[in-house]
Amino acid sequence: MNKQVKIAWIGKHFGEEPPLVRGKGPESKGKKQGAGTIFFSGCNLRCVFCQNYQIPQQGLGRLISVEELANAMLDLHGQGAVNIDLVTPTLWADQIVAAVKIARGKGLCVPIVWNSNGYEKVSLIEALRGVVDIYLPDFKYADDTLAKKYSGVENYLETAKAAIRAMYEQVGNLQLDDQGIATRGLMVRHMVLPGLMANSIGVLNEMAQIDTMIYVSLMSQYSPVYRSAEFPEINRPITDEEMDQVYDYADFCGLKNGFRQKSDSARPMTPDFRKVNPFE
Ligand code: SF4
């Protein structure tokens, strides 16, 4: 195993879904304590619309040792983070497992969040058993043609579905403590792409087929960045009408739990949230 890992950013992050950032105990007075976020460099997908492309696609970051990674986790815990939120972790799984074990041995006792793109082997998810507490995968496409065109990978749908099923089997649905903080389980994210409503509907159908109780976080933050201009059909932001179609379909297909990234929504599924890009 390479003993180093490339990271791009470490810090408290307040823009994840409410159960991943909210404060603990009466002393927090309802203030967010934040996720303890670590952004890893590189990615196993090559999305033309990558929202943080400087890190996953252009390799921004610096190498640190496994011990330094463990210390970074402990430091975030010490700052009051309610979890350790590992963003785009897949390429660095071996080093992360080793670092978590070191940090656990030194007293780390907040949940580990695997905030990945979901295009992962079942064998990897199995290797994370007992290390990861909360899985937060994307589910991007219900259509392999789109996955090939926009993210450069084959066999996306079966791969992502198998990984998400394995995650769900391992940790179950998202569990919250009595203060609404996530302690364990699965939440799936789907970022809606402009003009691709049929794709979003397909993704929601796949989720509902696994379990209508699954937490699904529907994200409207798409921005036409990176190579989007090469694909005119997705070279624009999402509209409110498009998001409403997707929200309506989530209701229609019976999904009961989740979050919607829209500030003026008054829908029952919504404790809504606003994703904040820590690099802005
Ligand atoms: S999976 Fe996410 S981080 Fe990776 S290239 Fe795609 S959008 Fe970027």
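## Ligand shell

The shell around the ligand is made up of five nonpolar, five polar and one charged residues. Here Ala, Val, Leu, Ile, Met, Phe, Trp, Tyr, Cys and Pro count as nonpolar, Asp, Glu, Lys and Arg as charged, and the others, Gly among them, as polar. Surrounding the ligand are Cys43, Leu45, Arg46, Cys47, Cys50, Gln51, Pro56, Gln57, Thr88, Asn117 and Ser151 (a residue is near a molecule if its C-beta atom, placed from the backbone, lies within 6 Å of it).

The model is predicted: local features need pLDDT of at least 70, side-chain atom pairs count only at pLDDT 80 or more, and totals for chains, interfaces and linings use all residues. Residues are numbered from 1 along each chain as its sequence is written.

## Annotated domain

An unreviewed UniProt entry carries the annotation "domain: Radical SAM core" for residues 38-167; such annotations may be inferred rather than shown by experiment. Over residues 38-167 the chain is 40% helix and 13% strand, where helices (H or I, at least four residues) and strands (E, at least two) are DSSP runs numbered from the N terminus. The end C-alpha atoms of residues 38-167 are 21 Å apart.

## Helices H1 and H2

Helix H1 (residues 66-78) packs against helix H2 (residues 93-105) at an angle of about 55°, with the axes 8 Å apart. Axes are lines fitted to C-alpha atoms, for helices over the stretch in contact, and angles run from 0 to 180 degrees between N-to-C directions. H1 is therefore oblique to H2 (under 35 degrees counts as roughly parallel, over 145 as roughly antiparallel, 65 to 115 as roughly perpendicular and the rest as oblique). The crossing of H1 and H2 is right-handed, that is, the near helix is turned clockwise from the far one by less than a right angle.

On the H1 side, Val66, Glu67, Leu69, Ala70, Met73 and Leu74 meet Gln95, Ala98, Ala99, Ile102 and Ala103 of H2; contact requires C-beta atoms, placed from the backbone, within 7 Å. Nine of the residues in the contact of H1 with H2 are nonpolar, one is polar and one is charged.

## Helices H6 and H7

Helix H6 (residues 197-210) and helix H7 (residues 240-252) cross at roughly 25°, and their axes come within 10 Å. H6 is thus roughly parallel to H7.

How values were computed. Two residues are in contact if their C-beta atoms, placed from the backbone, lie within 7 Å.
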